[in-house]
Amino acid sequence: MCLIYYQDQDILIRNLQQSDAQIITEEEIAQGWHSDIEKYQMRLRDQAEGRSISLVAEYKGNIAGYINVYPNSEWGAFGNQGYPEIVDFGVLEKYRRNGIGSKLMDIAEQISAGYADVVYLGVGMHYGYGSAQRMYVKRGYIPDGSGVWYGDKVCEQYADCRNDDDLVLYFSKELPHSEERSLS
């Protein structure tokens, strides 16, 4: 079942569908990213089990980006505390600078506000995440203060670590009060 979260003249944001997994994987590989369809199949399973809300953005009818909200995430700096986590957010390079990333974040934050007054995310530390790091700060996200994490734990002071996609800094943001949340 296709659920539409947002639609305007150019951008459509809807839930992730089975056919999207292959398209996203192929597009990411074509632009030189390390991609594996299993990641998107996992998101589809999590969505089917009610563990996540997985969204896809279309730009003028083409798959252009994705984002996932885990309403009660078990990972990272705020794991198992009842806060939603935004996970695995990306916009394909050829569709950037069209407002797609901002709209995906807007919708993810609106969804998150239905669950808690704080949302969090982890952002990679290498240069490939530079634009995301700047965007999160501009949107009001602040570092949580626990330092960098590698995988599922804090990277201890002076510890060796690898600057790959598993080296992240967690950020959080206070969300506006949600009427939906206050009624539940």
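**Exercise 1. A residue with positive phi**

Tyr158 is exposed, with a relative accessible area of 76%. Work on the predicted model. Where is Tyr158 placed, and what is its phi?

*Solution.* 
- Step 1. Locate the residue. Tyr158 lies in the loop between β8 (153–154) and β9.
- Step 2. Read the backbone. Its phi is positive, about 70°, although Tyr158 is not a glycine.
- Step 3. Look for another such case. Asp88 is not a glycine either, and has a positive phi of about 55°. Asp88 sits in strand β5.

**Exercise 2. Cysteines**

How many disulfides does the structure hold? Explain the result for Cys155.

*Solution.* 
- Step 1. A disulfide is a covalent bond between the sulfur atoms of two cysteines.
- Step 2. Set the cut-off. The two sulfur atoms must be within 2.5 Å.
- Step 3. Check Cys155. The closest cysteine sulfur belongs to Cys161 and is 3.9 Å away, too far for a bond.
- Step 4. Give the count. The structure holds zero disulfides.
- Step 5. Cys155 is buried, at 16% relative accessible area. Cys2 is partly exposed, at 45%.

**Exercise 3. Helix α2**

*Solution.* 
- Step 1. List the buried residues of α2: Tyr40, Arg43, Leu44 and Asp46.
- Step 2. Recall the geometry. An α-helix has 3.6 residues a turn, so residues three or four places apart point the same way.
- Step 3. Find the partners. The buried residues of α2 pack against α1 (18–30), β3 (53–59), β4 (62–70) and β5 (85–91).
- Step 4. Look just past the helix. There, Gly50 takes a positive phi of about 80°.

**Exercise 4. The nonpolar cores**

Which residues touch the most other members of the largest nonpolar core? Which element gives the most to this core?

*Solution.* 
- Step 1. Name the residues. Of the 30 members, Leu55, Ile86, Ile100, Leu104, Met105, Tyr136 and Tyr141 touch the most others.
- Step 2. Name the element. α3 gives the most to this core, with seven residues.
- Step 3. Follow Tyr141. Beyond its neighbours within four places in sequence, its contacts include Ile86, Met105, Tyr136 and Phe171.
- Step 4. Turn to the second core. This separate set of eight residues includes Tyr40, Leu44, Val56 and Tyr66.

**Exercise 5. Helix α4**

Which residues of α4 are buried, and which elements do they pack against?

*Solution.* 
- Step 1. Pick out the buried residues: Gly130, Ala132, Met135 and Tyr136.
- Step 2. Find their partners. They pack against β5, α3 and β6.
- Step 3. Continue along the chain. Gly140 follows α4, with a positive phi near 100°.

**Exercise 6. The surroundings of Asp8**

Is Asp8 buried, exposed or partly exposed? Which side chain does its own side chain contact?

*Solution.* 
- Step 1. Locate Asp8. Its place is the loop between β1 (4–7) and β2.
- Step 2. Classify. At 32% relative accessible area, Asp8 is partly exposed.
- Step 3. Trace the side chain. Asp8 makes a polar contact with the side chain of Tyr6 at 2.8 Å.
- Step 4. Check the backbone. The nitrogen of Ile11 lies 2.6 Å from a polar atom of the Asp8 side chain.
- Step 5. Look further along the chain. Lys60 is 52 residues from Asp8, and their C-alpha atoms are separated by 9.8 Å.

Key: Residues are numbered from 1 along each chain as its sequence is written. Side-chain values use heavy atoms; hydrogens and water are left out. Buried means under 20% relative accessible area, exposed over 50%, partly exposed in between (1.4 Å probe, protein chains only). Helices (H or I, at least four residues) and strands (E, at least two) are DSSP runs, numbered from the N terminus. Contact means heavy atoms within 4.5 Å. A nonpolar core is a set of buried Ala, Val, Leu, Ile, Met, Phe, Trp, Tyr and Cys residues joined through side-chain atoms within 4.5 Å. A polar contact is a pair of N or O atoms within 3.5 Å; within protein, one must be able to donate a hydrogen and the other to accept it, and residues adjacent in sequence count only if both atoms are side-chain atoms.
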